Amino acid sequence: MRNPLQDQLLKAGLVKKSKAAQIVREQTRQRHGKSAPPTETPEVDARRLQAERAERDRALAAERNARARVEEARAQARQIVETNRLNRDGEIAYAFTDEGVIKRLLVDASQRGQLAKGALVIVRHGEGYELVPRAAADKVLERAAELVVLDHAKNPPPGNECDDDDYYSRFEVPDDLVW
């Protein structure tokens, strides 16, 4: 059974009868699910898909494991801070910067001195900040370095440079200098 367009093309002489018959056969094969044999064998295609799927699964598993290790290290660091934090009952506001923002922490005089020497370290804990001793801070630094906010032992505060003092010691200041 031909369609009217095919009949018109045959009458006009634009299409050969054999070509029209071939097209009709292909259309019936497509309708009934019989298709031309595939160019690749299904086994090769299945193996290729299986190999791609296995590689993708390996990559996803490696990424998932890496994220799990990072989260585990952060959890260990939070636990170290929780167990080693010091009480802060002081009245002195100790100012420090965290990501470009000036923050304040109330400490007492001895804690302030220990902070300046590097014996105490300020770490981020939840929404706030805590003081931890040097040994605990080193453990936190190994596991999650982004939690350590202020560590004067590793990063000494500016202004302790003695180069300026050596340079200016060469000049003599007159005794009768009036400001």
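Helices (H or I, at least four residues) and strands (E, at least two) are DSSP runs, numbered from the N terminus. This is a predicted model, in which local features need pLDDT of at least 70 and side-chain atom pairs count only at pLDDT 80 or more, while totals for chains, interfaces and linings use all residues. Residues are numbered from 1 along each chain as its sequence is written, and side-chain values use heavy atoms, with hydrogens and water left out.

**Annotation**
- An unreviewed UniProt entry annotates residues 51–83 as "coiled-coil region".
- UniProt positions are given in the numbering used here, feature names are shortened, and annotations may be inferred rather than shown by experiment.

**Overall fold**
- The protein has six helices and five strands, in the order α-α-α-β-β-α-β-β-α-β-α along the sequence.
- Of its 179 residues, 19% count as buried (under 20% relative accessible area; exposed is over 50%, partly exposed in between; 1.4 Å probe, protein chains only).
- Among contacts (heavy atoms within 4.5 Å) between residues at least 6 apart in sequence, 47% join residues at least 24 apart.

**Helix H4**
- Gln111 lies in helix H4 (residues 109–117) and counts as buried because its relative accessibility is 8%.
- Leaving aside neighbours within four places in sequence, Gln111 is in contact with Leu86, Asn87, Arg88, Leu120 and Leu131.

**Aromatic pairs**
- The whole structure holds two aromatic pairs; rings of Phe, Tyr and Trp (its six-membered ring) pair if their centres lie within 6.5 Å, with planes under 30 degrees apart counted as stacked, over 60 as edge-to-face and the rest as tilted.
- Phe96 and Tyr129 have ring centres 5.2 Å apart and planes at 80°, so this pair is edge-to-face.
- This pair links distant parts of the chain, 33 residues apart: Phe96 is in strand S1 (residues 92–98) and Tyr129 in strand S4 (residues 128–133).
- Phe96 is buried at 4% relative accessible area, and Tyr129 is buried at 14% relative accessibility.
- Tyr167 and Phe171 form an edge-to-face pair, 5.6 Å centre to centre with 75° between the planes.
- Tyr167 counts as partly exposed at 41% relative accessibility, as does Phe171 at 47%.
- Tyr167 is placed in helix H6 (residues 163–168).
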